[in-house]
Amino acid sequence: MLVRRSTPVKDLAEPAPSDKEIETILKVASRVPDHGRLTPWRFILYRGDVRNQVGEALAARAMEREPDLPEARIEQERTRFSRAPLVIGVVCVPKDSPTIPEWEMFLSGGMAAMNLMIAANALGYGTNLITNWYSDDAEGRRILGLAPQERVVGFVHIGSYEGELQERPRPDLVDIVSEYTGPWEA
């Protein structure tokens, strides 16, 4: 896990995980803390021609939002989901609960996304988690198959890759870890 890195989406190529590998990845993704056993998340697979259909719909939506969109941006929207051979949407599905706040449910979805990436990486695949503008757009979420009350945790792009991934600077522990010294004071 100390060598986990995000693979640039443009570098993700065929082959994608097999159906059996996807099943394993999703089983691992589902083994996360889930206060109240609510299962407040689900997964959507985008693969094959569906990725192009989603891209066309997102491009059309982007043009509705920004009528003067340059052709390069339109093409970018068309290829959002077809750059990697498999995209798995991790979706927060809030459940009614008198004791468990929705933010905990969203965090559980985030843990599912992280487990999903770790499982795919362990099987030798590259991953990259992306949200983008359509995650905060009601029509964008509808296009992507989400119900009105559901929210995007992230879209995990998965594929094979070759070469070495660049390491990025990581925080020094001295900057992010402290011992508890009492209540915060201004």
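**Close-up views of a predicted model**

In strand β4, R151 is the bridge partner of C92. The model is predicted: local features require pLDDT of at least 70 and side-chain atom pairs count only at pLDDT 80 or more, whereas totals for chains, interfaces and linings use all residues. Residues are numbered from 1 along each chain as its sequence is written, and side-chain values use heavy atoms, with hydrogens and water left out.

**View 1. Strand β2 pairs with β1 and with β4.** Strand β2 and strand β4 (residues 151-159) run antiparallel and are joined by 7 bridges. Strand β1 also pairs with β2 in the antiparallel sense, over 7 bridges; pairing requires at least two DSSP bridges between two strands. Within β2, G89 stands opposite I44. Helices (H or I, at least four residues) and strands (E, at least two) are DSSP runs, numbered from the N terminus.

**View 2. Both faces of strand β2 are covered.** On one side L86, I88, V90 and C92 are buried, and on the other V87, G89 and V91 are buried. Because 7 of the 7 residues of β2 are buried, the strand is largely enclosed by the rest of the structure. Buried denotes under 20% relative accessible area, exposed over 50%, and partly exposed in between (1.4 Å probe, protein chains only).

**View 3. Helix α1 has a buried side and an exposed face.** In α1 (residues 19-29), the residues I22, I25, L26 and A29 are buried. These residues cover an arc of only 95 degrees around the axis, which puts them on the same side of α1; the arc is that of the directions from the helix axis to the C-beta atoms. An α-helix has 3.6 residues a turn, so residues three or four places apart point the same way. The cover over the buried residues of α1 includes β1 (41-47), β2 (86-92) and α4 (102-122), where contact means heavy atoms within 4.5 Å. Exposed K20 and K27 lie on the face turned away from the buried side of α1.

**View 4. Helices α2 and α3 are oblique to each other.** The axes of α2 (residues 50-65) and α3 (residues 71-78) come within 7 Å and cross at roughly 140 degrees. Axes are lines fitted to C-alpha atoms, for helices over the stretch in contact, with angles from 0 to 180 degrees between N-to-C directions. Angles under 35 degrees count as roughly parallel, over 145 as roughly antiparallel, 65 to 115 as roughly perpendicular and the rest as oblique. G55, E56, L58, A59, A62 and M63 of α2 make the contact with I74, E77 and R78 of α3.
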